[in-house]
Amino acid sequence: RQDQSAGVTVHLDADEPDDTPGEATVVIPTDGTPVYGSVTDADFDDWLVVNITEAGTYEITVDWITPGDVDFILTLPAGIVEDFCGDDLLGCAAATGARPEVASVELAPGSYRLLVELFDAHGAARTTYRATVTKQ
């Protein structure tokens, strides 16, 4: 299924299941090319893969296209999440209510997981988001 919201094609639920770090299959390019997804009140977490091949500072941006508010958390390699406020999070989380949510973080080469999480759907049945990762 596809949605043409806001002039972009979004593949609805095509990547499900993606509700845990181990189920993440969508890889976000690190050149700023966007990846689109969607979350709902019933399916409010999407996990994405970020593969870093070169150490450096990366800007992570997640914006919502349709009504709603999404947040994100970047986890350590292999999706290790013990505590959303603990030391396993690289200090990289964006849950501010800002649009878009943006964070810059120093990353070593490795495979990371990005959790995109619905904060508030603002009455919409589905919130479509766009995620990018760009080396600075």
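Buried means under 20% relative accessible area, exposed means over 50%, and partly exposed lies in between (1.4 Å probe, protein chains only). By that rule, buried residues make up 46% of the 136 residues in the chain.

This is a predicted model, in which local features need pLDDT of at least 70 and side-chain atom pairs count only at pLDDT 80 or more, while totals for chains, interfaces and linings use all residues. Residues are numbered from 1 along each chain as its sequence is written, and side-chain values use heavy atoms, with hydrogens and water left out.

**Stop 1: the whole chain**

Show the chain as a cartoon. Helices (H or I, at least four residues) and strands (E, at least two) are DSSP runs, numbered from the N terminus. The chain has 0 helices and 10 strands. From the N terminus on, the elements read β-β-β-β-β-β-β-β-β-β.

Next, think about contacts, meaning heavy atoms within 4.5 Å. Among contacts in the chain with a separation of 6 or more, 78% are between residues 24 or more positions apart.

**Stop 2: β4 and its partner**

Select β4, residues 45–52. This strand is mostly covered, with 7 of its 8 residues buried. Which strand do 8 bridges join to β4? Select β9, residues 110–120; β4 and β9 run antiparallel. Two strands pair if DSSP finds at least two bridges between them.

Pick Leu48. Opposite Leu48 stands Leu114 in β9. Then pick Asn51, whose bridge partner in β9 is Ser111. Ser111 is partly exposed, with a relative accessible area of 25%.

**Stop 3**

**Stop 4: a salt-bridge network**

Show the charged side chains. A salt bridge is a side-chain nitrogen of Lys or Arg within 4 Å of a carboxyl oxygen of Asp or Glu. A search of the whole structure finds 3 of them.

Start at Asp63. Is this residue buried or exposed? Asp63 counts as buried, at 13% relative accessibility.

Asp63 forms a salt bridge with Arg99, and the closest N and O atoms are 2.8 Å apart. Asp63 lies in strand β5 and Arg99 in the loop between β7 (93–94) and β8 (101–107), so the pair ties together parts that are 36 residues apart in sequence.

Arg130 is partly exposed, at a relative accessible area of 28%. Keep all three on screen: Asp63, Arg99 and Arg130 are linked in a network of salt bridges.

**Stop 5: Lys135**

Select Glu54 and Lys135. They form a salt bridge, with the closest N and O atoms 3.8 Å apart. Glu54 is in the loop between β4 and β5 (56–64), Lys135 is in strand β10 (residues 127–135), and the two are 81 residues apart. Glu54 counts as partly exposed at 46% relative accessibility. Lys135 counts as partly exposed at 31%.

The charged end of Lys135 sits over the ring of Tyr58, 5.9 Å from its centre. The rule here asks for NZ of Lys or CZ of Arg within 6 Å of the ring centre and within 35 degrees of the ring normal.

**Stop 6: Pro17**

Finish at Pro17, in the loop between β2 (10–11) and β3 (35–39). Pro17 is partly exposed, with a relative accessible area of 49%. Pro17 and Asp46 are 8.6 Å apart in space and 29 residues apart in sequence.
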